[in-house]
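Me: I have a structure open here and would like to talk it through. Could we start with the strands and then go on to the core and the confidence?

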Amino acid sequence: MTDHKSEAEQRERIQTEVHPSADLVCRILAKQIADLIHTRNAKGNFCVLGLATGSTPVRLYRELIRLHREEGLSFARVITFNLDEYCGLSREHPESYWRFMHEQLFNHIDLPAAQINMPDGLVPRGEAFDSCRIYEEKILAAGGIDLQVLGIGRTGHIGFNEPGSTRDSRTRVVTLDGLTRRDAARDFLGEANVPRHAITMGIGTIMAAREIVLLAWGEAKAGVIAPAVEDVPRESLPASLLQAHPQVRFLIDEAAAAELTRVKTPWLVRSVDWTPALVRRAVTWLSLELKRPLLKLVDEHYAEHGMADLLVEQGPAYDLNIRIFNETQHTITGWPGGKPDADDTHRPERAQPPQKRVIVFAPEPSDEMLGMGGTLARLVAQGHAVTIAYLSSGNLAVPDEEAISAADLILGFVGELDAATRARARRVRERLCAKRANLALADDAETRQLKALLRRGEAQAALQVLGVPAASARFLDLPFYERGRYRQFEAGEKDLSVLLALLREIKPHQVFVTGAAQDPSSVAAVCFSVLATALAEVQKEPWWRDCRVWLYRLPGKTWSPYESDMAVPMSPDQLHQKAQAIYQHKTQRSQMPGPSQASQEVWSLAESSNRELARQYDALGLAEYEAIEAFARWVERERPRT
Ligand code: PGA
């Protein structure tokens, strides 16, 4: 085998550092920025920083603020240029990048306002060209950008340079890609509210920076990071054009690195330690890659795909094939809570006790349906005591129009005499209408309560479609969410104690959770980290020894057959029922996250995701099902079994 570093490097055309967490990356980068500021200032120069918006840099800005407050880092001689701004949003608009930058960074440091530069999204169309030219001139006048921080969109955009942007493009007005607008739908409470245009620095502007650092977190970015780093640079993938820069680094977390060759198929670029998990991954990958069922793989297939040493160690192919076939076969079960009275030696779940206590945690109402609606229905039908714990109320994701019509409904329904209720509904209605004129207004507690009730109703309707009793639902309304706003959530002791109380009350045999690999600022990831802390804390308690933790994932990011420890098949009817249940989440229809095809609605995305997984099992030569939901067992936190 050739030296692993050089092979990985050959494939990776950009220096890419993978770190265990976004927080760690941000601490490292903030320190580097502080050093850069000191060095530039010590030489009598200003330090010129190119800054980005979005979820990605939030933690970096928090760390810079901390360095300013606690370690005396001064921004007095720093000049900043932001990458981009939406067209048509006032500075006060909750989603304007001007407001974002001030709330997330500028208001908390000693950077003089005159040294802040942001593209002006409100400039009249006729003046946009000049305004962009002046922006470029300002960058030049400042001496150019010393360090440019970038995020990356799922289209591969940097700044708002969408696919098709040319390598020499400069600051200009651009049209946003459909996928970018869809990804922003959540923030704007509906895709229709997302601006169509933006002003962005060009690729040429970005490439002129002396140093560039691109940050990416979470599984949603994995699919775009790998080609940007490994493929031939092309304008259809703007981030790949960074390969031509002499001083560029990608700093990413493990979830965003998942599709890099060195992570996904490491045997192709280095010699590996053939652990059972890696063998399963490699053999399954080979079968799917060659489109040949597991049992039809032969020695040559292994040898030609970097697995000659595996053949020597654990072969021949015939033995490996059968082993992995059986292992995969054993993950498939129609009994996600275990099959009572059956031999469970090779089953993903144990037979005892026949009726289990189960908690399904949903970061937001609808996550449980999207990720495991079919399995949830089975668990209930098979007699387990299932609690669905909704961690956040999800009220921030309810469009104002929905709440206004709910307020109207209340006003129409209650009699004139019920003055108190009328007054409340009116207050909410008036406040929401006032928001139209004053976008800086946030929802007050009463409004959020009404919005939360809408989502509760939808969650209950969805459970009803699956035949889950209403009493199974617990709405925990974790305080971190009720206090917070998108990207600014910070969980604390109160959240933890709510979860600990529930776990200790139910003492579950099974826990289903999601969010492990999502962007750390997302609701799901914040929920996951509180849950992980809670689960770590109960490890000494006797019931925990008998509890298994299963991870589910959302459509579009389901576990692969080689990652899944439990695969629950669904019949066509069950799949249809699941889609019907998801459909009950009416307030979410315009803003559900993540479909890869812009027009695909989320309930059909869940369907097609589950169908695709079944297709893969079929392709491996296993039984052909209509659809499958997959789960991975969370082992890190488990106590060794006795
Ligand atoms: P995000 O956006 O940080 O919110 O994921 C990144 C980008 O679109 O550049």
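**Strands, cores and confidence**

Reply: In this predicted model, β7 and strand β8 (residues 197-200) pair in the antiparallel sense over four bridges.

Me: Which residue of β8 is the bridge partner of Val174?

Reply: Val174 has Ala198 as its bridge partner in β8.

Me: And in what order do the strands of that open sheet come?

Reply: The order is β4-β8-β7, three strands in an open sheet with antiparallel pairing. The edge strands, each pairing on one side only, are β4 (84-86) and β7 (172-175). From one strand to the next, the twist averages 30°.

Me: Now β3. How many of its residues are buried?

Reply: Five of the five residues of strand β3 (residues 78-82) are buried, so β3 is largely enclosed by the rest of the structure. Val78, Thr80 and Asn82 are buried on one side, and Ile79 and Phe81 are buried on the other, which leaves both faces of β3 covered.

Me: In what sense do β2 and β3 pair, parallel or antiparallel?

Reply: Strand β2 (residues 47-51) pairs with β3 in the parallel sense, over five bridges. Within that topic, Leu49 has Thr80 of β3 as its bridge partner.

Me: Changing topic: which residues have the most contacts inside the largest nonpolar core?

Reply: They are Trp274, Tyr302, Met307, Phe361 and Leu499, in a core of 66 residues. Helix α20 (residues 523-537) gives the most to this core, with nine residues.

Me: Why does this core lie between domain 2 and domain 3?

Reply: The core lies between them because both domain 2 (267-328) and domain 3 (357-398 + 443-638) give residues to it.

Me: What is Tyr302 in contact with, leaving aside its neighbours within four places in sequence?

Reply: Its contacts include Val283, Leu286, Leu297, Met307, Leu311 and Asn321. There is also a second, separate core, of 45 residues, with Ala22, Leu51, Tyr61 and Phe106 among them.

Me: What pLDDT does the protein chain average?

Reply: The average is 93, and 95% of the residues score at least 70.

Me: Where is the pLDDT below 50?

Reply: One such stretch is residues 593-599, which has nine contacts in the model beyond near neighbours in sequence. Another is residues 637-642, with 18 contacts in the model beyond near neighbours in sequence. Where pLDDT is low, the predicted coordinates should not be read in detail.

Definitions and conventions: Residues numbered from 1 in each chain as written. Predicted model: local features only at pLDDT ≥ 70, side-chain atom pairs only at ≥ 80, totals over all residues. Heavy atoms only, no water. Core = buried A, V, L, I, M, F, W, Y, C linked by side-chain atoms within 4.5 Å. Buried < 20%, exposed > 50% of the residue type's maximum accessible area, 1.4 Å probe, protein only. Helix = DSSP H or I, 4+ residues; strand = E, 2+ residues; numbered from the N terminus. Domains from an automatic or database assignment. Contact = heavy atoms within 4.5 Å. pLDDT = per-residue confidence, 0-100. Pairing = 2+ DSSP bridges. Axes fitted to C-alpha atoms, helices over the stretch in contact; angles between N-to-C directions.
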